[in-house]
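Okay, thanks for letting me go first today. Have a look at the model on the screen while I talk.

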Amino acid sequence: MSYYTKAKFFTSAPDIRHLKDDSGIEVAFAGRSNAGKSSALNTLTRQKNLARTSKTPGRTQLINVFNLEEDRRLVDLPGYGFAQVPLAMKNKWQQALGEYLQKRKSLKGLVVLMDIRHPFKDLDQDLIHWAVDSNIPVLALLTKSDKLKSGKRKAQLLMAQEAALAFMGDVTVNTFSSLNRQGLPELEKVLNKWLALDVEKPDAE
């Protein structure tokens with residue numbers, strides 16, 4: 001049984017000032033509004049409705065926190081880029097994202113989710129640059145990998161890994177599919193490291 005099944009919703013906050021105690025270890029998930037972030041979190045935690053999925057991208061307008069244990073959390077950051085929302089709201093989201101990445105001391109890793117067919121758009125790159133500047137390791141997760149055949153998927157991964165070198169930071173790239181769980185063990189391995197889990201524990205495998 002996976003360690004991540006114990007994830008439970010804890011709180012939602014409009015910005016960093018409304019988040020609870022900045023202690024312990026947090027890993028955050030961020031991505032464009034149509035990148036499959038909620039689906040990835042649900043797949044990781046083996047829960048259908050932990051993170052709400054919507055047919056209207058961009059519904060995640062708050063910072064949502066899920067507790068794993070008292071001192072370990074997963075954080076779902078507001079989606080960005082695609083949603084049909086007013087510009088002022090988009091700017092507010094981006095400001096909240098930037099503040100969180102630059103000022104949250106308990107943040108130990110950032111998963112940036114990107115559709116494998118459209119990786120490293122401008123806002124994705126901005127987010128990764130923010131993280132690198134704050135010395136936060138990044139996992140660029142290429143979602144919806146089931147949409148591509150094996151050869152094309154491998155080519156996209158290699159291209160993205162090469163592109164990631166330009167960030168000059170701790171940025172790794174993996175592929176992922178919520179549909180068939182491709183890449184799930186690799187995602188868990190990265191998260192286990194960031195969350196400082198004892199991977200010898202049976203429930204952390």
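Predicted model: local features only at pLDDT ≥ 70, side-chain atom pairs only at ≥ 80, totals over all residues.

Residues are numbered from 1 along each chain as its sequence is written, and side-chain values use heavy atoms, with hydrogens and water left out.

So, helix α3: that's residues 122-133, twelve of them. Helices here are DSSP runs of H or I with at least four residues, and strands are runs of E with at least two, numbered from the N terminus.

Which residues of α3 are buried? They are D124, L127, I128, A131 and V132. They cover an arc of only 135° around the axis, so they sit on the same side of α3. That arc is taken from the directions from the helix axis to the C-beta atoms. Buried means under 20% relative accessible area, exposed over 50%, and partly exposed in between, with a 1.4 Å probe and protein chains only. D122 and D133, on the other side of α3, are exposed.

And what do the buried ones pack against? Among the partners are β2 (25-31), α2 (87-103) and β5 (107-115), where contact means heavy atoms within 4.5 Å.

Last, K6, in the segment before β1 (8-13). K6 counts as partly exposed because its relative accessibility is 29%. Its C-alpha is 8.0 Å from that of E69, 63 residues apart along the chain.

Methods: Expected span 1.5 Å × (residues − 1).
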